Amino acid sequence: MSDPNFSIDLAAAVLRIGTPLILAALGELILERSGVLNIGIEGVMLGGAFFGFWAGYASGSPYLGALAAMAVGAAFTLLLAALVLRVRADQIVAGMALNLVALGVSNTAFSIVKRGVTMAGNADNFRAPKFGALFPNLTQIPLLGPILCAQSVLTWAALFLVPVVWFYLQRSERGMELRAVGENPEAAAASGVDVRACRLKACLAAGLLGGLAGACLTLEFADTYAERCTAGRGFVALAAVVLGRYSTLGTAAACLFFGATFAAQDRFQAAGWSIAPELLQMLPYAATVCVLALSLRRNTGAPAALGKPYVR
Amino acid sequence: MDQFWVWPAAILGLILLVLVIVKLCGVEPRDAAALMGRAMQSPDFWGEVARRSAVLGLCGLSVVLSFRAGLFNIGAEGQLLAGAIAATAVATKIFGSETPWFVGMPLMVLAGCAAGACWSLLAGVLRVWKSVSEVISTLMLNLIAIWLLRYVVSYPQLLQEPGSNFSQGAPFVESLRFSRWGGTPFHTGVLLVPLILAAAQVFLFMTRGGLALRATGLNPVAARACGIRTLRLGLLTFGAAGALAGCAGAMGVMAQGYLPHALFPDYGYMAIAVALVAFLHPLAVLPSALFFGFLETAASTTQTAGVPNEVLFAIQGLVIVALLCRGVRLPGTKREDAPA
Amino acid sequence: MSAPENPAPALLCEGVSKRFGSNLALDGVNLRVAPGTIHALCGENGAGKSTLMNVVSGLLQADSGKVEIHGARAKFSSPLDAVAAGIGMVHQHFLLAEGLTVIENVELGRRGSPFGWRFKRREAEQALAVLSTETGLAVDPKARVADLPVGLRQRVEILKALSRGARILLLDEPTAVLAPPEVHTLFATLERLRASGRTIILITHKLAEVFALATEVTVLRRGKQVFADTLQGLTPAELAREMVGEAADIPAPVETVLGATVLEAAGLTAPGEHGTGLREATFTLRAGEILGVAGVEGNGQDELAGVLAGTHALKSGRIRFLEKDCAEVSVAGRVEAGLALIPSDRHHEGLVLDLSLAENLFLRGAAGAKGVEGAGAWPKRFTSAKDLNVVAASRLREFGVVPPEPALPAAALSGGNQQKVVIARELARSPKLLLACNPTRGLDVAAAAAVHARIVEAARKHGAAVLLISSDLDEVLHLSDSIAVLYAGRLKVLGSRGVERERVGRAMVGADLEPAPA
């Protein structure tokens with residue numbers, strides 16, 4: 001365990017595994033700061049995972065795949081937006097419906113496509129092109145090389161997005177309006193902010209980022225799609241926002257923490273600790289519950305109008 | 001959305017969509033229909049429908065109670081598994097072949113209820129003491145329970161069948177499992193479900209506690225001002241919802257005869273759809289559960305012909321979307337247009 | 001009437017009317033505010049002050065009448081139009097995003113940067129600093145609003161209005177939430193603003209403020225303007241009389257036999273969210289006695305009812321209910337002991353609108369409180385809705401609820417009938433203590449009379465101790481055996497039945513207080 005390679009390896013793994021969490025959580029953070037709770041994020045991620053995979057496979061380019069994933073993610077979240085903003089449906093139920101629809105559509109489409117591919121005799125080649133290291137020539141650099149330069153463009157995007165989202169929320173006028181909408185939509189409306197349009201744009205952002213997060217799973221981690229490949233990561237991203245007390249840096253840090261619990265699954269085995277693999281798989285979710293249970297403050301830092309429909 | 005043609009058009013659209021998907025899967029709709037037709041004539045099919053509907057019914061009732069009390073407890077998935085694990089532990093570790101059925105089986109069910117209630121109360125206590133949203137905690141507990149199940153059936157010291165290569169539990173002795181009726185999957189436990197639903201209907205609409213629960217979900221401020229102990233009620237509801245789902249898990253595993261690697265996947269989430277389609281009425285959960293049970297069994301049946309059974313999820317999601325658009329409101333949502 | 005040298009009034013309202021359903025909130029109201037003055041707009045609850053100001057600030061559209069700003073005809077279709085015309089309103093319930101900082105709240109909605117990108121924080125802070133120096137209102141721009149005390153939050157609201165170019169400031173009951181030192185500071189601020197050329201309209205019911213700040217006053221009563229003049233030569237007593245009006249008749253003295261002490265309250269203190277809270281309230285109530293607490297809303301009424309019922313936390317003080325200390329007892333416990341509550345907001349606290357009338361009637365029985373006897377008790381262990389309806393129907397008829405259909409959802413009834421259902425429920429068990437908060441608000445004359453009869457019957461025939469908290473002065477004078485007034489959180493018992501209306505009115509608006517301490 002004191003092997004420096006182990007630590008470097010672990011750091012790189014945490015960053016890599018945390019990437020989809022960071023992407024999804026940042027999108028969810030923007031949306032929740034505007035006052036909308038989206039528990040359909042798991043379904044959005046899954047949709048992005050499949051359609052990103054399919055587009056990548058069909059086009060041969062992971063970048064096109066990522067773009068398709070983002071588009072599909074946005075489309076799914078627009079469904080939530082329609083339900084919550086137009087029909088003023090309950091946000092939790094709408095989120096659950098979104099999960100079911102996305103799950104059904106993605107997996108059904110997968111079966112259809114897979115069948116077509118299998119019938120064409122191409123089953124072995126049913127793989128998507130992967131994102132590789134962004135700076136493959138620089139991985140020799142000690143420390144920075146393996147940890148950063150060996151990461152894919154998605155990880156760099158996630159790292160880049162953290163300060164961007166922070167700046168947007170804390171230092172930009174639109175971000176300020178968004179935060180006001182989440183705290184007191186009446187006050188924001190009285191100041192001339194279009195509450196619905198603001199929340200709609202936030203939904204879009206959450207969809208784009210959630211879809212991209214899903215693409216990370218099938219275009220970077222693996223190169224195939226499996227039916228349950230999200231494995232609750234969307235919900236973990238939800239928990240990361242709560243754990244990070246609805247701040248950008250806190251959310252990113254929470255995502256890295258949860259990424260570490262996912263990474264620990266393999267590392268513990270390698271380190272010779274004999275913990276049952278199934279218990280290790282539980283670790284991220286159990287850690288979420290424990291950390292939330294142990295948080296000392298009762299004030300969660302949530303936007304005051306989170307979850308409440310806005311009635312003009 | 002109140003025009004008369006909306007509902008028939010929607011149903012027609014849904015059927016068309018299913019046909020299209022079936023065709024895309026390379027299955028001739030006529031073949032699929034014939035397959036379904038044949039299947040529906042066999043009593044095995046309907047026994048299977050009953051078996052699955054029973055689980056969906058109890059879990060759906062669990063969701064009904066929670067939602068009526070204003071609690072977003074979506075942990076039926078995990079509570080179901082907790083109940084199954086507890087019942088199996090009791091059956092294989094405590095009881096043996098000498099245990100008569102009238103002792104063993106009720107105790108197994110009780111163990112299932114208790115385990116489900118505890119699993120649910122974890123989320124309940126967190127909500128009351130630490131303001132942890134029960135949405136997140138129950139979601140996490142679901143995922144934990146899934147891995148817990150895989151864990152206990154993978155180790156002989158726990159619940160794995162000794163000497164087996166498969167990750168599954170040891171088969172129960174004859175006296176501790178539901179017998180199949182005429183060889184079909186139908187079992188005695190199924191008959192309990194309508195009774196429980198009727199009892200829940202009586203409770204909810206004919207007793208003090210039921211009125212208190214409904215009032216708390218609709219207007220907790222007024223309920224508290226009338227002296228209703230909303231905090232205690234909330235915890236009791238968490239416990240009751242968990243007990244129902246745990247009971248479903250226990251009975252499910254007693255019908256199966258052993259604890260498998262994965263049990264009733266996603267039934268907890270389907271239960272939410274069941275509850276909403278039943279408009280949160282316990283008696284209406286029966287036809288709603290039967291409807292979804294039928295869809296489930298049909299999906300499994302056509303799966304052998306090549307239609308993926310995830311179509312089912314899409315259908316459920318769209319049903320909920322349609323209901324939401326129709327204006328189905330959960331109790332506890334503020335009335336925006338209250339008269340002054 | 002304006003001579004050529006006289007400048008046009010800053011604000012002129014002529015014949016403004018506004019109706020809400022059957023309620024005529026404003027009836028041909030005239031208001032004339034001279035520029036560069038502080039003008040007081042006075043009246044009791046329901047007089048129409050807030051409605052008029054909502055029309056002026058663009059939140060509501062008047063049904064008829066005209067509004068002129070500095071001589072120019074104004075027709076506002078939204079609050080933003082009013083802001084553009086130079087009107088800034090500071091509401092009683094602030095419109096602030098608490099999680100944001102002061103400067104963010106002030107600048108909200110103003111696009112300084114292209115694409116709304118970088119928030120020019122430093123420039124905004126500098127502009128705010130300039131404004132602060134000019135007006136003497138200093139706030140730390142970087143502070144989070146949630147961390148600020150109420151007085152500073154109000155200051156942020158004022159700065160927000162001023163920074164958008166408000167020349168006319170409307171303040172709705174600004175001192176309702178302030179502590180005395182903060183009130184002083186506000187007075188100085190308003191005077192400074194006036195001196196810099198702005199016009200200020202102060203909506204208030206507190207005469208101390210009127211005489212300290214304003215030069216002219218307009219009084220509204222029940223939607224009509226009843227008085228408008230300068231304050232020169234006017235005494236507080238005269239103004240109070242205009243506000244509360246003449247007594248219709250003098251209630252006859254009634255012989256009442258009072259029983260044992262039911263409630264002893266000593267030094268009740270509770271912080272208030274939207275008002276002054278409660279300060280050291282002390283009183284006793286005997287069985288069969290009706291103690292009426294008059295006062296304008298926001299002076300501690302909600303807190304008083306809340307701490308007695310058990311829904312509001314008590315900061316200090318003692319409550320003894322039937323000889324037993326009850327500060328720690330839950331709501332359920334107090335109900336068991338014989339407490340009944342008619343809450344002031346029947347929609348939020350009184351009824352569950354989606355349940356049927358019968359179910360609402362039995363809500364207390366649903367709580368399972370022991371000692372719920374009589375008509376409110378749950379009939380049997382298992383009672384079908386039909387059985388419930390049968391029992392409920394007779395009660396509904398007894399209390400004159402229209403229509404007496406027990407299966408109807410509570411939301412289907414008119415406000416007056418809803419209130420009758422609440423009363424039917426609360427009086428069902430012959431309570432020992434009845435807290436009635438604004439029991440006839442929104443009710444027509446007949447319904448109100450019926451409610452009054454019930455309350456009096458509860459006291460006289462069933463020996464309940466009744467605490468009547470109401471902003472309707474006539475109601476208090478008509479029903480009560482003893483009369484008290486809540487003003488700025490302090491409860492003052494004025495005497496028994498027969499206290500002069502004027503005296504009560506003066507106490508309600510603080511006209512009988514000694515000058516405010518420094």
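At what angle do the axes of helix α10 of chain A and helix α6 of chain B cross? The legends below refer to a predicted model.

**View 1. Crossing of helix α10 of chain A with helix α6 of chain B.** The axes of α10(A) (residues 233-243) and α6(B) (residues 134-152) cross at roughly 140 degrees and come within 10 Å. The two helices are therefore oblique to each other, and their crossing is left-handed. On the α10(A) side the contact is made by A:Phe235, A:Leu238, A:Ala239 and A:Val242, and on the α6(B) side by B:Ile136, B:Leu139 and B:Met140. By class, this contact has seven nonpolar residues, with no polar and no charged ones.

**View 2. The side of chain A that touches chain B.** Here 40 residues of chain A are in contact with 44 residues of chain B. Helices α4 (91-119), α10 and α12 (277-294) of chain A each supply at least two residues of the side that touches chain B. The most comes from α4(A), with 15 residues. Sorted by class, this side of chain A has 27 nonpolar, nine polar and four charged residues.

**View 3. The open sheet of chain C.** Six strands of chain C are arranged in the order β6-β7-β8-β3-β9-β10, with mixed pairing. Strands β6 (87-90) and β10 (224-230) of chain C stand at the edges with a single partner strand each, so one side of each is left without a neighbour in the sheet. From one strand to the next, the twist averages 15 degrees.

**View 4. Pairing of β3 with β9 and the helices on the sheet of chain C.** Strand β3 (residues 38-42) of chain C pairs with strand β9 (residues 216-221) of chain C in the parallel sense, over four bridges. C:His39 has C:Glu216 as its bridge partner in β9(C). Helix α8 (residues 236-244) of chain C packs on the sheet and touches β3, β9 and β10 of chain C, its direction making about 30 degrees with that of β9(C). Helix α1 (residues 49-56) of chain C lies across β3, β6, β7 (168-172), β8 (199-204) and β9 of chain C. The direction of α1(C) is at about 150 degrees to β7(C).

**View 5. Domain division of chain C.** Domain 1 of chain C comprises 11-95 + 165-244, domain 2 comprises 259-338 + 432-438 + 463-511, and domain 3 comprises 347-430. Taken over C-alpha atoms, the centres of domain 2 and domain 3 of chain C are separated by 26 Å.

Notes
Residues are numbered from 1 along each chain as its sequence is written. Chains are lettered from A and ligands numbered from 1 in the order in which they are written. This is a predicted model: local features need pLDDT of at least 70, side-chain atom pairs count only at pLDDT 80 or more; totals for chains, interfaces and linings use all residues. Domain bounds come from an automatic or database domain assignment. Two strands pair if DSSP finds at least two bridges between them. Axes are lines fitted to C-alpha atoms, for helices over the stretch in contact, and angles run from 0 to 180 degrees between N-to-C directions. Two residues are in contact if their C-beta atoms, placed from the backbone, lie within 7 Å. Angles under 35 degrees count as roughly parallel, over 145 as roughly antiparallel, 65 to 115 as roughly perpendicular and the rest as oblique. A crossing is left-handed if the near helix is turned anticlockwise from the far one by less than a right angle, and right-handed if clockwise. Ala, Val, Leu, Ile, Met, Phe, Trp, Tyr, Cys and Pro count as nonpolar, Asp, Glu, Lys and Arg as charged, and the others, Gly among them, as polar.
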